[in-house]
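Here are some notes to read beside the model, written for someone meeting a protein structure for the first time. Please keep the sequence and the 3D view open while you go through the numbered points.

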Amino acid sequence: IGIASSGVHSNGFSLVRNIFEMSKENLTRFYPELGATLGEVLLAPTRIYVKALKSAKEAGVRIHACSHITGGGFYENIPRALPDDMGVEVNGAAWEMPSIFRLLQEWGNVDWSEMYRTFNMGIGMILILLPEEAEHVEAHLHAQGEAVYRIGHVTEGAHEVVIKGGVFDA
């Protein structure tokens with residue numbers, strides 16, 4: 001289960017600065033695709049997921065592992081939460097990627113794999129749990145006002161993250 005991020009968070013700001021010219025004019029310019037100025041989007045406070053995790057635990061959900069998607073993105077953070085003989089397959093089409101990530105990719109001509117290695121791409125926390133508990137967790141977190149998505153599944157074998165769908169099908 002993936003819980004939505006509030007934006008870029010603090011991930012990859014060296015790359016962000018290299019892509020966007022950080023002039024006052026660019027930071028205060030309204031971008032219709034963002035629905036805000038670039039500065040407002042980049043300065044959106046980082047989500048803190050403690051309340052969501054605590055709420056899920058109090059609802060009786062057994063979370064086997066969780067992964068905060070920070071620097072290192074999907075490829076480096078998720079494997080830290082897994083045993084060596086397990087991997088994860090992520091469906092990149094399971095959630096709507098916030099526009100800021102498409103702008104970063106387009107303006108910086110950054111490979112999509114590198115985008116998922118650097119940024120959270122709209123998913124700030126991943127919960128790993130039994131498939132039969134997924135619906136209960138989703139319903140509970142939705143009731144708490146969380147945007148959550150069933151984004152993938154654990155696989156046996158290689159200790160890696162494979163992302164399919166979404167931009168990887170284009």
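**Notes on the predicted model**

1. Ala4 counts as buried, because its relative accessible area is 13%, where buried means under 20% relative accessible area, exposed means over 50%, and partly exposed lies in between, for a 1.4 Å probe and protein chains only. This residue lies in strand E1, and the names of such elements come from DSSP runs, with helices (H or I) of at least four residues and strands (E) of at least two, numbered from the N terminus. Not counting residues up to four places away in sequence, Ala4 touches Arg47, Tyr49, Gly122, Ile123, Gly124, Ala147 and Tyr149, a contact being heavy atoms within 4.5 Å.

2. Before going further, please note that this is a predicted model, in which local features need pLDDT of at least 70 and side-chain atom pairs count only at pLDDT 80 or more, while totals for chains, interfaces and linings use all residues. Residues are numbered from 1 along each chain as its sequence is written, and side-chain values use heavy atoms, with hydrogens and water left out.

3. As for confidence, pLDDT is the predictor's confidence in each residue, from 0 to 100, and its mean over the protein chain is 92, with 99% of the residues reaching 70 or more. Among the elements of the chain, strand E1 (residues 2-4) has the highest mean pLDDT, 97, whereas helix H2 (residues 24-28) has the lowest, 85.

4. Which residue lies 142 places from Ala4 in sequence, yet 7.5 Å from it in space, C-alpha to C-alpha? That residue is Glu146, found in the loop between H8 and E7. Glu146 counts as buried, because its relative accessibility is 13%, and, leaving aside neighbours within four places in sequence, Glu146 is in contact with Ile3, Arg47, Ala52 and Leu141. By way of another pair, Glu146 and Glu33 are 113 residues apart along the chain, and their C-alpha atoms are separated by 23 Å.

5. In helix H8 (residues 134-143), the buried residues include Ala134, Val137, Glu138, His140 and Leu141. An α-helix has 3.6 residues a turn, so residues three or four places apart point the same way. The cover over the buried residues of H8 includes E1, helix H4 (50-58), E6 and strand E7 (148-149), and just after this helix Gly145 takes a positive phi of about 90°.

6. In soluble globular proteins, nonpolar side chains tend to be buried together. A nonpolar core is here a set of buried Ala, Val, Leu, Ile, Met, Phe, Trp, Tyr and Cys residues joined through side-chain atoms within 4.5 Å. The largest such core has 37 residues, and those with the most contacts inside it are Phe74, Ile100, Leu104, Tyr116 and Met121. Its largest share, 4 residues, comes from H6. A second, separate core has 13 residues, including Ile1, Ala52, Ala56 and Val148.

7. Helix H6 itself deserves a look, with Ile100, Phe101, Leu103, Leu104 and Gln105 buried in it, under a cover that includes H1, H3 and H7. Leaving aside neighbours within four places in sequence, Met121 is in contact with Phe74, Trp95, Met97, Pro98, Phe101, Trp112, Met115 and Tyr116.

8. Most residues other than glycine have a negative phi, and most peptide bonds are trans.

9. How much space lies in the largest pocket? The volume is about 390 Å³, and the pocket is lined by 20 residues, of which Ile128, Leu129, Gly152, His153 and Val154 lie nearest its centre. A pocket is an open set of points on a 1 Å grid over the protein atoms alone, where a 1.4 Å probe fits, with protein on both sides within 12 Å along at least five of seven lines, and lining residues have an atom within 4 Å of a point; its volume is the space filled by probe spheres set on the points, which are joined across faces, edges and corners. E8 gives the most to this lining, with 5 residues.
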